[in-house]
Amino acid sequence: MSRTAPSHSRRAFITTGGRALAGIAGILAAGRAPASWAARELSLLTAVNYAPASDVKLDELGKRFTKASGVSVRIDHIQSVQMPAKLSAEIMSKSGHDIMSLEMHYPWLFQPGLVDVSDICNDLAKKHGDWYTFAKEHALVKGQWLGVPFMYTSFPGSHRIDLFEKVNEREPDTWEDLLRAGRKLKKLGHPVGFAISQTTDSVTTLYSILWCYGAKDVAEDGKTISINSKQTEAAIDYVLALYNDAMDPAILSWDNAGNNQWLNSGKGSWIHNPISHYVVAKQEKLPVAELTGFHASPAGPAGRHTVGVPRSLGIWKFSKNIDVARDFLKWFLEPAQYHEWIVSGDSYNHPTWRDMENHPVWDLDKKYKPLKGMARYSHLYGWPAPPDEKIQLITNSYIIPNMFARVVTGASKPKEAMVWAETEIKRAFERG
């Protein structure tokens with residue numbers, strides 16, 4: 001990868017796509033921040049980024065905003081699994097951070113406490129065109145934007161090119177291709193793997209498989225619980241065969257870092273995961289980096305479907321710095337700052353607008369070509385049901401991975417596991 005490409009691309013991007021938001025840009029460029037900003041501290045809470053350089057860049061941008069505006073910016077990074085409890089505590093106590101990163105259905109789950117940022121989102125849409133559908137569904141809640149989408153991550157297949165070649169296989173185009181190759185790879189001593197555990201990576205991969213086999217947990221009407229079906233049973237049967245014939249039992253205890261460590265250790269041959277493992281492998285000059293390739297998330301009998309994981313930046317209503325928080329978001333999403341942050345993640349962070357499908361970030365590495373088109377078949381958890389807070393409760397309860405885990409561990413038959421999941425989803429709906 002050329003290290004000189006980003007600076008050249010940055011100039012091209014700002015020239016062709018840079019349309020700054022004049023208000024905040026003018027204030028900061030002139031060095032005349034409002035007097036009311038003096039002695040203010042703006043606090044931002046975000047999940048730890050699996051491309052570490054992105055968190056370093058965000059901290060750097062915070063300091064740059066401070067230098068230009070006089071507002072101190074404190075950025076706190078916590079693990080993504082800690083976010084639901086942390087956000088719940090803040091909204092209940094009406095204290096905490098001013099801005100926070102919101103993932104998946106969090107804008108729906110925490111809607112009573114979030115500021116309407118439709119003006120910012122509408123202005124950005126005028127400049128860039130519309131967001132991808134799943135990013136819009138994530139943050140546009142009952143006609144109001146409650147977060148400003150700023151990135152998403154995709155879940156491609158990542159494979160060891162050399163190991164697949166050893167068993168005379170190409171990268172899998174379908175889940176059945178993966179099973180066939182995986183059987184050979186396990187015999188070679190290099191199983192395939194994805195988490196079947198209480199982790200969001202597991203939720204993502206198992207939703208992808210369910211959809212590809214025509215299954216869904218909730219119907220299009222958002223009310224009918226549909227997990228107990230022949231399609232779900234077919235997906236369970238597939239995962240059971242993959243687990244028995246092509247995987248290692250260690251996947252039952254993986255956290256969100258398990259995929260990354262498995263492939264980078266040299267033992268794993270295939271994972272379903274964002275590209276963070278590759279970003280780290282390149283940074284640490286691991287031999288596996290040169291041997292890793294990417295391909296579209298596999299297809300199944302019902303087509304190609306996977307999860308796109310969007311994040312937006314929201315503002316709490318109880319914040320004493322709503323005006324400054326709004327201006328920070330506008331400033332951060334101007335092309336100069338936003339471009340720097342996007343590129344810092346080496347394409348782990350994908351831009352959220354269609355007009356950025358030709359953004360320079362996609363050209364940082366020739367291996368990223370399969371990632372560009374994945375937004376077209378990416379959905380939020382719970383699809384095809386419309387987004388709402390109940391879907392997030394299903395996610396937070398890990399009902400989907402627990403259903404599969406019951407079968408692969410021998411605790412339940414497929415039909416029993418589906419009945420169990422149906423009951424648990426009903427309970428989640430009652431809580432919602």
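**Reading the interior**

A: The largest nonpolar core has 119 residues, and Phe-332 and Phe-404 are those with the most contacts inside it. A nonpolar core is a set of buried Ala, Val, Leu, Ile, Met, Phe, Trp, Tyr and Cys residues joined through side-chain atoms within 4.5 Å; buried means under 20% relative accessible area, exposed over 50%, and partly exposed in between, with a 1.4 Å probe and protein chains only. Apart from this core lies another, of 14 residues, including Leu-45, Leu-102, Leu-114 and Trp-316. The model is predicted: local features need pLDDT of at least 70, side-chain atom pairs count only at pLDDT 80 or more, and totals for chains, interfaces and linings use all residues. Residues are numbered from 1 along each chain as its sequence is written, and side-chain values use heavy atoms, with hydrogens and water left out.

Q: With which residues is Phe-404 in contact, leaving aside its neighbours within four places in sequence?

A: Contact means heavy atoms within 4.5 Å. By this criterion, Phe-404 is in contact with Ile-196, Leu-206, Leu-210, Ala-235, Ile-236 and Val-239, its neighbours within four places in sequence being left aside.

Q: Which residues of helix α4 are buried, and which are exposed?

A: An α-helix has 3.6 residues a turn, so residues three or four places apart point the same way. In α4 (residues 83-93), Met-83, Pro-84, Leu-87 and Glu-90 are buried. They lie on the same side of α4 because they cover an arc of only 135° around the axis, the arc being that of the directions from the helix axis to the C-beta atoms. On the other side of α4, Ala-85 and Met-92 are exposed. Helices (H or I, at least four residues) and strands (E, at least two) are DSSP runs, numbered from the N terminus.

Q: Against which elements do the buried residues of α4 pack?

A: They pack against β1 (41-47), β2 (72-78), β3 (99-103), α5 (106-109) and α17 (389-396). Just after α4, Lys-94 takes a positive phi of about 55°.

Q: How many cavities of 30 Å³ or more does a search of the whole structure find?

A: Rolling a probe the size of a water molecule over the atoms shows where empty space is left. On a 1 Å grid over the protein atoms alone, a cavity is a set of points where a 1.4 Å probe fits but cannot get out, and lining residues have an atom within 4 Å of a point. Grid points are joined across faces, edges and corners, and a volume is the space filled by probe spheres set on the points. The search finds two cavities of 30 Å³ or more. The largest cavity has a volume of about 210 Å³. Of the 18 residues that line the largest cavity, Tyr-50, Thr-153, Phe-155, Asp-201 and Tyr-348 are the closest to its centre.

Key:
1 Å grid on protein atoms, 1.4 Å probe; cavity = no way out; pocket = protein on both sides within 12 Å on 5 of 7 lines; lining within 4 Å.
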